[in-house]
Number of protein chains: 2
Amino acid sequence: MDNYIKVKFDKIDRKILEILQANAKITNAQLSKDIGLSPAPTLERVKKLEQSGIIKSYHAKLDPEKIGLGVSTFVLVGLIGHNKTNIEAFMKEIDHISEVIECHHITGTGDFILKIISKDITSYQKLMLEKVSEIKEVDSMQSMVILSTFKDSKVLPIPA
Amino acid sequence: MDNYIKVKFDKIDRKILEILQANAKITNAQLSKDIGLSPAPTLERVKKLEQSGIIKSYHAKLDPEKIGLGVSTFVLVGLIGHNKTNIEAFMKEIDHISEVIECHHITGTGDFILKIISKDITSYQKLMLEKVSEIKEVDSMQSMVILSTFKDSKVLPIPA
DNA sequence: AATTTTTGCCGCATTAAATTCGGTAAATTC
DNA sequence: GAATTTACCGAATTTAATGCGGCAAAAATT
């Protein structure tokens, strides 16, 4: 019931997790029907899943284009040094940039991959020139502009 | 109030969107306090944001490790042909694979970038060999394994 | 294998939240 | 500047969440 890898949950919990990933706004009453329990134990299970940290949070998903965000990209970033100090300095800077919505440390081509979202190409360029490439630990950058997003699932495939 | 790019919303709506992206489980009563309106018009605004498609859906975010998902990757996929037929055939196959949680058509290095999540390296390899590389339109694949995720924000930076 | 203990469930009562509605004021249109 | 629409509030109502006592099944103990 704390902070470590892999927590136990049964088939019913699994179903709850699948449902809440797909639709967090479902009422407890409806959820209880869907899983075949009464509301009380259903709610208890959800609370436990939250307390155990299996469920971390709940979020509204917006349509980027409708709020004026027309350009999404992935950026491979190579750092100058691969030591802990540099990496931490880089991450600290990235943390401040709200347009960077993801940042992963990776193997392979680059050192980091970022997901960036911005208004248009102009503001994207500005962001890259004035903020990302200004971070002194950054060596190389390679942008991949998203032409279209075919799949963007918020449902993780929970292993059997 | 339909399907096209960029819908109008004011400063209050903007704040609602920021709050609901960060915490979809907030009560309408609390949300109304946070934005400085009474519950009734607050609810009305949220409903409108949903109906207009600005808010697309609500999702629970899980901790991948706690449900036994230890390996996440990005995969750059090059296709054999770049014609519409091939691309659509590829997407159709990808759609069936639940471990592929994202699929974007991109400019630059590859043709597509996928985000994949699986149990461990063994099951990842199996997935790649038996499912992804079996898709006949797939030419090249380059995997980037995520060593750690530093930022994974569900909050889009809504332009002013 | 019987007893104890724990776990998980249900139904009901209570509390809290969402939703509806009528009325009013501000903003917009004509 | 009158008419119309839009957006707000407060209060009443409906609906949902939550808390609790009791019961039954499963698990642990002896």
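How many residues does the contact take from chain B and from chain A? Each of the two chains gives 71 residues to it. Please keep in mind as you read that this is a predicted model.

## The interface between the chains

The size of an interface is often given as the accessible area lost when the parts come together. Here, the area buried between chain B and chain A is about 6600 Å², and carbon and sulfur atoms give 62% of that area.

Polar interactions are there too. Between chain B and chain A there are 39 residue pairs in polar contact, both residues at pLDDT 80 or more, and the count of salt bridges is three. One of the salt bridges joins A:Lys115 to B:Glu102, with 3.2 Å between the closest N and O atoms.

## What chain B brings

Which elements give two or more residues to the side of chain B that touches chain A? They are the helices α1 (11–22) and α4 (84–95), along with the strands β1 (55–62), β2 (71–79), β3 (100–106), β4 (112–118) and β5 (138–152), each belonging to chain B. The largest share comes from β5(B), with ten residues. Sorted by class, this side of chain B has 37 nonpolar residues, 17 polar ones and 17 charged ones.

## A strand pairing across the chains

## Around DNA strand D

Both chains supply residues around DNA strand D: from chain A come Thr27, Asn28, Ala29, Ala40, Leu43 and Lys47, and from chain B come Leu37, Ser38, Ala40, Pro41, Arg45 and Lys48. Of the atoms of DNA strand D that come within 4 Å of the protein, sugar and phosphate account for 78%.

Which residues have a polar atom next to a phosphate oxygen of DNA strand D? Among them, B:Arg45 places a polar side-chain atom 2.7 Å from one, and B:Lys48 has a polar side-chain atom at 3.1 Å. With A:Ala29, a polar backbone atom is 3.2 Å from a phosphate oxygen. The elements giving two or more residues to this surface are α2 (28–35) and α3 (39–51) of chain A and α3 (39–51) of chain B. The largest share, four residues, comes from α3(B). By class, the surface near DNA strand D has six nonpolar, three polar and three charged residues.

Definitions and conventions: Residues numbered from 1 in each chain as written. Chains lettered and ligands numbered in written order. Predicted model: local features only at pLDDT ≥ 70, side-chain atom pairs only at ≥ 80, totals over all residues. Heavy atoms only, no water. Contact = heavy atoms within 4.5 Å. Buried area = accessible area lost by both parts, 1.4 Å probe. Salt bridge = Lys/Arg side-chain N within 4 Å of Asp/Glu carboxyl O. Polar contact = N/O pair within 3.5 Å; in protein donor to acceptor, adjacent residues only side chain to side chain. Nonpolar A, V, L, I, M, F, W, Y, C, P; charged D, E, K, R; others polar. Near = heavy atom within 4 Å.
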